[in-house]
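Me: Please take a close look at a single part of this structure. Keep it brisk, and give the cut-offs as you go.

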Amino acid sequence: MAEINPDAVLQFDELTVRRGSKLLLDRISWTVEEDERWAVLGANGAGKTTLLQVAAATLHPSSGSAYILGDRLGAVDVFELRPRIGLASSALAQRIPNAEIVTDVVVSAGYSVLGRWREAYGRLDVRRAIKLLERVGVGDLAERTYGTLSQGERARVQIARALMTDPELLLLDEPAAGMDLGGREDLIRRLTRFAADPDAPASVLVTHHVEELPPGISHVLLLRDGRTVAAGLAPDVLNAALLSETFGLPLQVERRDGRWYARAV
């Protein structure tokens with residue numbers, strides 16, 4: 001077993017996840033430290049979302065170990081652990097009631113619930129929720145209902161919700177999915193500012209596309225068929241050879257003005 005890293009917010013050791021006879025993650029060893037901004041890249045079915053589910057303490061490994069914010073998954077009350085993790089994902093989005101007011105979607109994160117029900121929220125909570133909505137560029141949607149939002153707008157609301165509890169770890173599963181070009185570029189600009197903030201929590205962003213990586217991503221994990229292709233500093237990992245292996249086709253990779261781009265040869 002690997003020695004526990006006291007600076008790690010995530011530490012996976014030989015982590016394996018199976019569902020029936022299907023192997024979703026195969027002996028993943030991976031560490032995320034407090035001041036790091038990670039991206040996880042891979043094709044559909046590579047295991048990215050499964051990896052994030054373990055990191056969010058919503059899925060337990062079949063074997064190996066997962067330490068999250070210093071606690072071992074399986075030996076900690078996940079209901080105490082989860083409020084310390086900010087999560088935005090399509091699976092979570094599907095569980096948010098369509099009739100929910102956007103401000104309540106964000107505020108309810110502080111109570112670890114989806115849907116306002118009978119909770120009475122204080123002014124400070126509401127004020128913080130509105131500021132977070134403004135921070136991600138959807139402050140004008142605060143009084144709309146969630147069901148009336150576009151997919152891109154919902155993604156931004158989810159990010160605001162993920163930040164509501166001032167988390168120690170932020171997990172973003174394909175945050176730019178469903179956005180048009182303008183929306184994507186605006187979100188990347190905002191995530192770039194976030195990555196540059198020394199007080200921001202450690203973060204993990206999952207995507208299919210290197211073009212969606214904001215400048216400020218420090219490290220990258222590449223997955224293929226549930227296995228690690230490479231993990232390390234972004235400039236060391238984001239090259240033609242490793243990305244071609246990850247996606248199974250010859251790729252050219254370049255970096256301009258802090259952004260990464262890839263295209264088929």
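Reply: Strand β6 (residues 85-88) and strand β7 pair in the parallel sense, over four bridges. Pairing requires at least two DSSP bridges between two strands. Strands (E, at least two residues) and helices (H or I, at least four) are DSSP runs, numbered from the N terminus. The model is predicted: local features need pLDDT of at least 70, side-chain atom pairs count only at pLDDT 80 or more, and totals for chains, interfaces and linings use all residues. Residues are numbered from 1 along each chain as its sequence is written, and side-chain values use heavy atoms, leaving out hydrogens and water.

Now β7 itself. It spans residues 169-173. Opposite its Leu 169 stands Ile 85. Strand β8 (residues 202-207) also runs parallel to β7, joined by five bridges. There, Ala 202 is the bridge partner of Leu 169.

β7, helix α7 (residues 181-196) and β8 form a right-handed β-α-β unit. Right-handed means that, with the strands pointing away from the viewer, the path from the first strand over the helix to the second runs clockwise.

Next, burial. Five of the five residues in β7 are buried, meaning under 20% relative accessible area with a 1.4 Å probe, protein chains only. In a regular strand, side chains alternate between the two faces of the sheet. Here Leu 169, Leu 171 and Asp 173 point one way. Leu 170 and Leu 172 point the other way. Both sets are buried.

Conventions
Buried means under 20% relative accessible area, exposed over 50%, partly exposed in between (1.4 Å probe, protein chains only).
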